[in-house]
Amino acid sequence: MILQRCLTIALQEAQKSKCKHRLGCVAIANNQIVSKGFNRHYRSGVRTRRKGECTIHAECITLRRIGGNLVDSLLVARLTQGGMISMAMPCKRCIAHAKRVGIQYIYYTDWFSNIQKMKVV
């Protein structure tokens, strides 16, 4: 099934992250993976509690890479530092970004390693 393949790829992406909460994401269009990404740190000019360190969410990176493709869904997965699958429900900003680009569904891993489905549009 496409979701299992997407989960495998999202988890591979999450392994690349150097963030405390490692997340990977894939964009799906017509049962094909058209983009993927993982969350990462970047330096901000704005002073924050974490000495200017911020993260770009995996969903945002993935959506930036879709180009002109029409994407119907995303799958987001999170790995703990110990390598266990964990909750990856997107934040409100990422949900709003997905809605703006026409995403219909976001699939995400939950606390029990299951895949949950969220309707966006």
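E13 is buried, with a relative accessible area of 3% (buried means under 20%, using a 1.4 Å probe and protein chains only). The model is predicted: local features need pLDDT of at least 70, side-chain atom pairs count only at pLDDT 80 or more, and totals for chains, interfaces and linings use all residues. Residues are numbered from 1 along each chain as its sequence is written, and side-chain values use heavy atoms, without hydrogens and water.

**E13**
- Helix α1 (residues 2-16) holds E13; helices are DSSP runs of H or I with at least four residues, strands are E runs of at least two, and both are numbered from the N terminus.
- Beyond its neighbours within four places in sequence, E13 contacts G24, C25, K36, G37 and F38 (heavy atoms within 4.5 Å).

**Charges over rings**
- R40 lies over the face of F38, 4.2 Å from the ring centre.
- K117 places its charged end over the ring of Y105, at 4.2 Å from the centre.
- The criterion is NZ of Lys or CZ of Arg within 6 Å of the ring centre and within 35 degrees of the ring normal.

**Second largest pocket**
- Its lining consists of Y42, T55, I56, H57, C60, R64, C91, R93, C94 and H97.
- A pocket is an open set of points on a 1 Å grid over the protein atoms alone, where a 1.4 Å probe fits, with protein on both sides within 12 Å along at least five of seven lines; lining residues have an atom within 4 Å of a point.
- β4 (53-56), α2 (58-64) and α3 (92-100) each supply at least two lining residues.
- α3 gives the most, with 3 residues.

Terms used:
Buried means under 20% relative accessible area, exposed over 50%, partly exposed in between (1.4 Å probe, protein chains only).
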